[in-house]
Amino acid sequence: MYESILEIDLHGRNAYQARVAIDAALRRAGAGVYRIRVIHGCNSGTALRELVRAEYARHPRVLRIVGANSGVTELVLREF
């Protein structure tokens, strides 16, 4: 993991726990963090993927969302 990319693994969490983890990561992301990589999984993680992409696309700290692949979503906080 790079210092400028914060990574969260949501495997085994429900929607509420996922929100809490992502909100905490957004709060603790300092000026050096430009992306938060959310690993939600691709088979059983589809509900979490939709949650992340729908709710955090409108978050004030999130510039844009990048769907790296079906199991990972990246929240871009700022450009390089």
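Leaving aside neighbours within four places in sequence, Leu75 is in contact with Ile22, Tyr34, Arg35, Ile36, Val38, Val52, Tyr56, Val62, Arg64 and Ile65. Contact here means heavy atoms within 4.5 Å.

A word on the source. This is a predicted model, where local features need pLDDT of at least 70 and side-chain atom pairs count only at pLDDT 80 or more, while totals for chains, interfaces and linings use all residues. Residues are numbered from 1 along each chain as its sequence is written, and side-chain values use heavy atoms, with hydrogens and water left out.

Now the overall layout. The chain has two helices and four strands. In sequence order the pattern is β-α-β-α-β-β. These elements are DSSP runs, numbered from the N terminus: helices are H or I with at least four residues, strands are E with at least two.

Next, dimensions. The C-alpha trace spans about 30 × 25 × 25 Å along its principal axes. For contacts between residues at least 6 apart in sequence, 62% join residues at least 24 apart.

What share of the 80 residues is buried? The share is 40%. Buried means under 20% relative accessible area, exposed means over 50%, and partly exposed is in between, with a 1.4 Å probe and protein chains only.

On to the core. Nonpolar side chains tend to be buried together in soluble globular proteins. In this chain, the largest nonpolar core has 19 residues. Leu10, Ile22, Ile36 and Leu75 have the most contacts inside it. Such a core is a set of buried Ala, Val, Leu, Ile, Met, Phe, Trp, Tyr and Cys residues joined through side-chain atoms within 4.5 Å. Which elements give two or more residues to this core? They are β1 (5-9), α1 (15-28), β2 (35-39) and α2 (46-55). Helix α1 gives the most, with five residues.

Let's look inside α1. Ala18 lies in this helix. Is Ala18 buried or exposed? Ala18 counts as buried, because its relative accessibility is 0%. Beyond its neighbours within four places in sequence, Ala18 is in contact with Leu10, Arg13, Leu48 and Leu51. Ala18 and Ile36 are 18 residues apart along the chain, and their C-alpha atoms are separated by 13 Å.

Last, Asp9. This residue is found in strand β1. Asp9 has 40% relative accessibility, so it counts as partly exposed. Asp9 and Ile22 are 13 residues apart along the chain, with C-alpha atoms separated by 9.8 Å.
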